[in-house]
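Trainee: I am new to this one. Could you walk me through it?

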Amino acid sequence: MAIRAPHLYSSLRCFCLGAFKALADELDAGAELPFAFEEHASAGGPALYEYRPLVRGFVEQHAGRLRALPDTQLVLDDLHREPTAAIYARAHAGAGPTEDDALFRTVLLPIAAMTADRCGGFDWHDDAFDRAYAELERSLFGTRRSYVAVAPLVGISVGAHVELGDGVRVRVSATGELSTLWPEAQGLLPERFGREPDRLCMIELARELDAGEPEPPDAPGELADAVTAIRLVTSGAIAAGPVIFERLDRRPLGIRPVLPIAATRPLGEATRLDSFRAKLVAEIRRRLPDADCDPQLAEALDRWELSLFQSDSFRSEQLRESLVSLLGVGEGPWAAALRAATLLAESPKERADLFERIRGYDSDAAADGIRRALVETLMHGARAVLVQSIDDAILGVSPRPAGYLTARAVAS
C-alpha cells in the first residue's frame, strides 16, 4: 500500500497498539467481551446461528480510558492537519464538547474497533490495521466520497427495489449487511425484522460528496420526508428505523435516531409499493419542502400525519383541522369539505357522497379523502391557485381541476 500520510499512519498505528494493550488489560482484570447471538434464516432449511464478539461495543464502553492514552492527542494533532477529516468531526451534533472529542469518536474509536473486529479480538495483526487504515486514507484523500444512510422500513413490501428520486430508494435488505459493519445492529432492529413479508425492506439515501464537503447530508430529515410521502400515496402503516446506519466510503460513520414521527408505526395495515406508485411518491417527496413556504399547507400535513397515531375524537379533531388548514381559506370546515369533494370526485353523486363522508371526519373514508386532497394539493403546486380553480368549478365557470390520483394518473 502506498501511504500518502506516513505521519498519520504511524500515529494511528501507535494509538491502536496502545488501545489493544489497554483493552487486553481490561479483559485480564475480569471485564467480559460480549457476544451477539445472530440467526441466519434460510429458505426451506434450518436456521444457522453465529456467535459474534461485540468488540465495537467493548471499545466504545472503554472510550474514556482510550481517550486518556498518551498517543491519542498525537493522533488528533495529525488529524487537525488534514482538512478533509472535518466531516467526521461534524458527523453528529453533540458527538463531543470539542472538535478533538468529535474526531476521537468518529475516527479514532472506529479505526480501533475495525482493526479489533478484523482481528476477532485484541490479538494484534498488522494486516488488519493496514486494511482499516487504507480505507480511512482512501476516504480522506479521494476526490469523491460515497455516503450511504440506511434504516429498516416496516409495513411495506417491494419487488426488488423502487427508486424515489435524488438518491433515495426502498429495497429488500441483504442478509448480514448491517451486522458486518455494526455487530450490535441486531439489537437496534424492529421486532421480527427479516422474518415477515412486510419487515424485509430498507430505506436508503445514497449521495456522492465532494472531497472537501465538511457536512454529511441531513439523512434523518430526508428519510422522514420519504416516509411521509409513502404514507400519503399508499395510506399504509409505514415506519422507519428506529435508527439510521451511516457509512462513508464503506466505513461506518455513525448511528443516528430516526425522527420520532417517522419512526412510530401508525395504526393500519401494511401495503405494497410498486413502480407506478413509486413515481408519485418520488414527486410528492420532491414537493414536500415547498410546504415550508406555505404555513397552512405545513399545518395541514402535520395534522394529518399526527392523526395516523390517534383514534376516536382526537383523530377526528386532527383531520378536521388538517382539512380546514388545507382548503378552508378562512371559511371554515363546511367550505373545506365542499372543495375537497369537488376536487376528488368526478360525478355530482360521487361528490355529494364524499362531501357527507368527509364532514364526518371520524370515518376511514373521511381520512382517506383528506389524504388524497393533500396529495392533489401538493401535486398541483400553488394552493391558492388550486382553491380558486375549485371555486370556479363549483360556480360552473370552469371545469374542475384534473386529479392526479384518477384519470391523469392512469394516463401517465
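Mentor: Gladly! Two strands pair if DSSP finds at least two bridges between them, and strands (E, at least two residues) and helices (H or I, at least four) are DSSP runs numbered from the N terminus. This is a predicted model, where local features need pLDDT of at least 70, side-chain atom pairs count only at pLDDT 80 or more, and totals for chains, interfaces and linings use all residues. Residues are numbered from 1 along each chain as its sequence is written, and side-chain values use heavy atoms, leaving out hydrogens and water.

Trainee: Which residue of β7 is the bridge partner of R145?

Mentor: Start with strand β3 (residues 144-154), which runs antiparallel to β7 and is joined to it by ten bridges. In β7, R145 has as its bridge partner L209.

Trainee: And which residue of β7 is the bridge partner of V172?

Mentor: Strand β6 (residues 168-172) also pairs with β7, in the antiparallel sense, over five bridges. The partner of V172 in β7 is C201.

Trainee: How many of the ten residues of strand β7 are buried?

Mentor: Buried means under 20% relative accessible area, with a 1.4 Å probe and protein chains only. Strand β7 (residues 201-210) is largely enclosed by the rest of the structure, because its buried residues number seven.

Trainee: At roughly what angle do the axes of helices α12 and α13 cross?

Mentor: Axes are lines fitted to C-alpha atoms, for helices over the stretch in contact (heavy atoms within 4.5 Å), and angles run from 0 to 180 degrees between N-to-C directions. The axes of α12 (residues 312-328) and α13 (residues 332-344) come within 8 Å, and they cross at roughly 75 degrees.

Key
Buried means under 20% relative accessible area, exposed over 50%, partly exposed in between (1.4 Å probe, protein chains only).
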